[in-house]
Amino acid sequence: MNKEFMIIDNIPVAINGEKNLLELIRKAGIELPTFCYYSELSVYGACRMCMVENKWGGMEAACSTPPRNGMEIYTNTPRLRKYRKMILELLLSNHCGECTTCDKNGKCKLQELAARFDIHRVRFDNPKSKPCIDDSSVSITRDANKCILCGDCVRVCNEVQNVGAIDFAFRGSKMKVACSFDKPIGDSNCVGCGQCAAVCPTGAIIIKNDSHRLWKELNQEDTIAVAQVAPAVRVAVAKEFGYNGENVMGKIVAALRRIGFNYIFDTSTAADLTVMEESKEFADRLANGGKLPLFTSCCPAWIKYAENEYPEILPNISTCRSPMQMFDSVINEKFKGEGKKILSVAVMPCTAKKGEAARDEFKDENGKPLVDFVITTQELIMMIKEAGIVFNEIEPEAVDMPFGTMTGAGVIFGVTGGVTEAVIRRVSTDKSLASLRNLAFEGVRGFEGIKELEVPLGDKAIKVCVVNGLRNVEVIMNRMKAGEHFDLIEVMACPNGCIGGAGQPKATIDEKKERSVNLYNADKLCTLKRSEENPLMDKLYEGILKGREHELLHVSYVK
């Protein structure tokens with residue numbers, strides 16, 4: 001059978017199922033510039049940077065044109081170079097040019113392409129020379145004058161997350177990305193997931209940076225500075241410092257000590273505590289006819305989405321606090337007798353955790369948040385660099401006692417399906433090594449948006465569903481309304497789970513898969529695999545938590 005192929009810059013390239021010219025061109029080793037193209041999103045074709053020229057002189061957008069057998073195109077003609085430079089120059093002329101002080105400096109796609117195409121001056125007047133800041137959200141910051149109208153944020157908010165907090169408003173030269181009625185993002189139905197910031201190619205939407213305020217609070221004599229580090233953070237920091245995505249938790253601990261923290265703990269420990277409480281709650285609901293399915297409660301963007309879109313299922317959401325909030329309750333109880341102010345900081349892959357920390361449910365009687373600061377992986381990286389720490393050269397260090405023990409079940413919380421797998425490990429009656437290994441192949445792992453499996457529990461089987469990406473929540477809700485039954489549903493708002501959180505450094509799907517593999521490898525290296533095997537759990541239940549489990553570890557979102 002003859003193979004289909006096309007000619008790209010006079011080189012024959014085989015067609016093998018690529019859905020558009022752009023994919024085929026990149027397969028051929030040519031990095032065609034784009035602003036608005038993401039393989040996970042619909043084709044928008046707005047930026048026109050990926051235009052190619054055919055052998056007759058016609059121009060076509062590579063992102064929206066399917067490859068055809070015998071087709072001949074050119075990607076780098078004088079006409080195309082002139083065309084792309086003009087597009088860039090026009091974008092720059094309508095863009096707030098505070099590049100040296102922009103949070104996206106050095107990582108901005110517009111800046112990168114301007115350098116690539118050797119643009120050093122702009123011939124047109126710039127009407128947007130000043131910032132236009134919307135600082136109303138606790139999770140993200142918007143600057144409308146840095147927006148290039150690529151539509152990436154609009155599509156991810158509508159197509160992937162099903163939130164629809166932002167969209168295009170007005171027409172022509174007045175077009176902009178806005179919330180309904182042009183209100184601030186903090187007053188909209190935004191859930192704080194930050195995926196808009198994750199896809200934004202410029203500094204138009206960025207993660208809210210709290211590191212500046214945190215620096216002022218560190219190194220105070222009357223303060224005990226305590227940090228907890230989420231599981232997904234350890235496999236996302238590495239690439240920024242020249243590693244290959246492996247687990248660098250020991251180096252993170254060492255860096256945090258040099259930054260000024262007195263104690264550093266692993267949130268995986270609190271994940272074990274969450275498994276203990278959530279599995280107990282799940283078993284109780286199964287045995288006593290409680291509300292089912294039980295939805296997990298670890299993801300704050302999912303909680304906010306449920307409050308906005310499905311308030312009727314709030315009684316089905318687990319009353320367990322997230323691992324971050326559970327750990328903070330334990331930390332505050334541990335250190336409150338020291339006679340010093342406790343500065344509690346959580347290092348998270350998630351922008352929505354900033355919103356969770358600000359919720360009234362997690363403030364003390366004086367209105368002070370229990371978690372003082374949530375910084376993302378990106379902010380941690382900035383702090384390490386600002387402190388002048390040579391990450392590659394520092395020696396790894398261990399987390400502190402008395403909360404220095406965790407299991408593999410806690411570590412895998414950072415991957416979609418990890419919470420479910422950890423709970424199944426806990427409630428399963430078969431505790432053999434073979435059962436543990438088989439669980440990895442029974443459908444709980446993988447990056448599919450919806451995963452389903454049946455798990456034997458005693459003399460019956462429970463039906464479990466794992467969901468990542470909020471668009472997929474609607475699919476499951478519609479199936480439930482149609483009469484389908486589930487016993488346990490895990491929801492993570494971000495596609496691929498916490499490893500793909502918006503607070504993480506930008507990554508391709510392959511890089512996210514590598515993060516997943518490295519978390520599972522960390523699980524393999526843990527001697528203890530199940531949360532109940534963690535000896536710290538008994539000590540906590542007999543000590544700090546005794547008689548106060550519900551007060552310190554649970555919360556209700558039902559108003």
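**Rings, charges and cores**

Analyst: Let us begin with phenylalanine 265, which has a relative accessibility of 0% and therefore counts as buried, since buried means under 20%. Please keep in mind throughout that this is a predicted model.

User: What makes tyrosine 263 partly exposed?

Analyst: Tyrosine 263 has a relative accessible area of 28%, and the label partly exposed covers the range between the 20% limit for buried and the 50% limit for exposed, so tyrosine 263 is partly exposed.

User: Why is the pair of tyrosine 263 and phenylalanine 265 called stacked?

Analyst: The ring centres of tyrosine 263 and phenylalanine 265 are 6.2 Å apart and their planes stand at 15 degrees. Centres within 6.5 Å make a pair, and planes under 30 degrees apart count as stacked, so this pair is stacked.

User: Why is the pair of phenylalanine 327 and phenylalanine 403 called edge-to-face?

Analyst: For phenylalanine 327 and phenylalanine 403 the centres lie 5.8 Å apart, while the planes are at 70 degrees; an angle over 60 degrees counts as edge-to-face, and therefore this pair has that name. Phenylalanine 327 belongs to helix H10 (residues 323–335), whereas phenylalanine 403 sits in the loop between helix H12 (377–386) and helix H13 (408–411), so that the pair links distant parts of the chain, 76 residues apart. Both phenylalanine 327 and phenylalanine 403 are buried.

User: Which residues form one aromatic cluster, and how many aromatic pairs does a search of the whole structure find?

Analyst: The cluster is formed by Tyr263, Phe265, Phe327, Phe335 and Phe403, and the search of the whole structure finds nine aromatic pairs.

User: How do you know that arginine 445 lies over the face of tyrosine 520?

Analyst: Arginine 445 is placed over the face of tyrosine 520 at 3.8 Å from the ring centre, and the distance limit for such a placement is 6 Å. Lysine 385 is likewise over the face of phenylalanine 241, at 5.9 Å from the ring centre.

User: What makes arginine 213 and aspartate 210 a salt bridge?

Analyst: Their side chains meet with N and O 3.2 Å apart, and a salt bridge requires a side-chain nitrogen of Lys or Arg within 4 Å of a carboxyl oxygen of Asp or Glu, so the pair of arginine 213 and aspartate 210 qualifies. Arginine 213, at 47% relative accessibility, is partly exposed, while aspartate 210, at 10%, is buried.

User: How many salt bridges are counted by this rule, and which of them lie in helix H8?

Analyst: The count comes to 40 salt bridges. Among them is the one between lysine 280 and glutamate 277, at 3.4 Å from N to O; these two residues are three places apart in helix H8 (residues 267–288), about one turn of the helix. Glutamate 281 also forms a salt bridge with arginine 285, with the closest N and O atoms 2.9 Å apart, and here both residues lie in H8, four residues apart. Elsewhere, salt bridges that share partners join Asp210, Arg213, Lys354 and Glu379 into one network.

User: Why is threonine 202 called buried, and what does its side chain meet?

Analyst: Threonine 202 has a relative accessible area of 1%, which is under the 20% limit, so threonine 202 is buried. Threonine 202 is found in the loop between helix H5 (195–199) and strand E10 (205–207), where a polar atom of its side chain lies 2.9 Å from the backbone oxygen of lysine 146.

User: What makes helix H4 mostly covered?

Analyst: In helix H4 (residues 152–160), seven of the nine residues are buried, and these buried residues pack against strand E8 (167–169), strand E9 (176–178), H5, E10 and helix H16 (471–481).

User: Which residues have the most contacts inside the largest nonpolar core?

Analyst: That core has 52 residues, and Trp302, Leu470 and Val473 are the ones with the most contacts inside it. Among the elements that give two or more residues to this core are H4, helix H9 (300–309) and strand E17 (460–468). A second, separate core has 51 residues, including Val233, Val371, Phe391 and Met406.

Technical notes
Residues are numbered from 1 along each chain as its sequence is written. This is a predicted model: local features need pLDDT of at least 70, side-chain atom pairs count only at pLDDT 80 or more; totals for chains, interfaces and linings use all residues. Side-chain values use heavy atoms; hydrogens and water are left out. Buried means under 20% relative accessible area, exposed over 50%, partly exposed in between (1.4 Å probe, protein chains only). A polar contact is a pair of N or O atoms within 3.5 Å; within protein, one must be able to donate a hydrogen and the other to accept it, and residues adjacent in sequence count only if both atoms are side-chain atoms. Contact means heavy atoms within 4.5 Å. Rings of Phe, Tyr and Trp (its six-membered ring) pair if their centres lie within 6.5 Å; planes under 30 degrees apart count as stacked, over 60 as edge-to-face and the rest as tilted. A charge sits over a ring if NZ of Lys or CZ of Arg is within 6 Å of the ring centre and within 35 degrees of the ring normal. A nonpolar core is a set of buried Ala, Val, Leu, Ile, Met, Phe, Trp, Tyr and Cys residues joined through side-chain atoms within 4.5 Å.
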